[in-house]
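Have the model open while you read.

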Amino acid sequence: MMKKEREKNKLNNNGYTLIELLVVIGIITVLVGGMSIAVSLIFSKDAAKCAASINDQLSNARMLSMSREGVYTMKVNMDPAHEDNYVEISTASGGEYTKIDLGDRVIISFGPDGGTLGTGTVEIVFDKASGAVRSVDGSETIADIYLFHIESVRGTRTSEVELVSGTGRHYIR
């Protein structure tokens, strides 16, 4: 009797239906799409974090220049291979005040707004009396607005820090 029921069940078992197969494919597609968005968002945070660090150090350098004796220089190293990105504030006598690693997961470029952005090292000095940008890379001929353009190596997002030379103010945009 059991043998007959088993044979009957084997004959009636036709496998998965097309609807069941489509539902499973749909569920897998939604899961893969959600995971790719989550991974992209995680890696895109690198650019925002780097922009916040540069913005904070611009504030520190400007404040130090206006409140303490001596000249403070903010140097940003933007390694084209993005292995040695850092921002450093130092005194005119060469003493290092602070140095912050910006990480190796971002590409940083700098230049005048609307102009060509480049990598390398840039030094910014603020005026003691007004807080305005006094010189960029030793040149007192400066543009009105400078940009730090930061993009994530693995993500798709970018961030920019805008530095207004006339006032020394800076914004993340």
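Ser-159 is buried, at 11% relative accessible area; buried here means under 20%, exposed over 50%, and partly exposed in between, using a 1.4 Å probe and protein chains only. This is a predicted model, so local features need pLDDT of at least 70 and side-chain atom pairs count only at pLDDT 80 or more, while totals for chains, interfaces and linings use all residues. Residues are numbered from 1 along each chain as its sequence is written, and side-chain values use heavy atoms, with hydrogens and water left out.

So what does Ser-159 touch, not counting residues up to four places away in sequence? Its contacts are Ala-47, Ala-48, Ala-51, Phe-148, His-149, Ile-150 and Arg-173, with contact meaning heavy atoms within 4.5 Å. Ser-159 itself sits in strand E8, which covers residues 158-164. Strands (E, at least two residues) and helices (H or I, at least four) are DSSP runs numbered from the N terminus.

**The sheet**

Strand E8 belongs to an open sheet of four strands, ordered E4-E7-E8-E9 with antiparallel pairing. At the edges are E4 (106-112) and E9 (170-172), each pairing on one side only. From one strand to the next, the twist averages 15 degrees; for such angles, axes are lines fitted to C-alpha atoms (for helices, over the stretch in contact), and values run from 0 to 180 degrees between N-to-C directions.

How many bridges join E4 to E7? There are seven, and E7 (residues 145-152) runs antiparallel to E4; two strands pair if DSSP finds at least two bridges between them. Along this pairing, Ile-108 has Ile-150 in E7 as its bridge partner, and Pro-112 stands opposite Tyr-146.

**Charged pairs**

Side chains of opposite charge can pair when their charged atoms come close. The rule for a salt bridge is a side-chain nitrogen of Lys or Arg within 4 Å of a carboxyl oxygen of Asp or Glu, and the count comes to five.

| Pair | N to O distance | Accessibility of the Glu |
|---|---|---|
| Lys-75 and Glu-88 | 3.9 Å | 11%, buried |
| Arg-173 and Glu-160 | 3.2 Å | 19%, buried |
| Arg-173 and Glu-162 | 3.2 Å | 15%, buried |

Salt bridges that share partners join Asp-113, Glu-160, Glu-162 and Arg-173 into one network. Arg-173 counts as partly exposed, at 47% relative accessibility. Glu-162 is in strand E8 and Arg-173 in the segment after E9, so that pair links parts of the chain eleven residues apart. As for the Lys-75 and Glu-88 salt bridge, Lys-75 lies in strand E1 (residues 72-78) and Glu-88 in strand E2 (residues 86-91), so the pair ties together parts that are 13 residues apart in sequence.

**The nonpolar patch**

Over to the surface now. Leu-18, Leu-21, Leu-22 and Ile-25 form a nonpolar patch, with about 400 Å² of accessible area together. Patches are made of residues with over 30% relative accessible area and no salt bridge, with nonpolar side chains (Val, Leu, Ile, Met, Phe, Trp, Tyr) joined within 5 Å and like charges within 9 Å. The areas come from the Shrake-Rupley method with a 1.4 Å probe, and for residues only the protein chains shown count as cover. Ile-25 lies in helix H2 (residues 18-67) and is partly exposed, at 44% relative accessible area.
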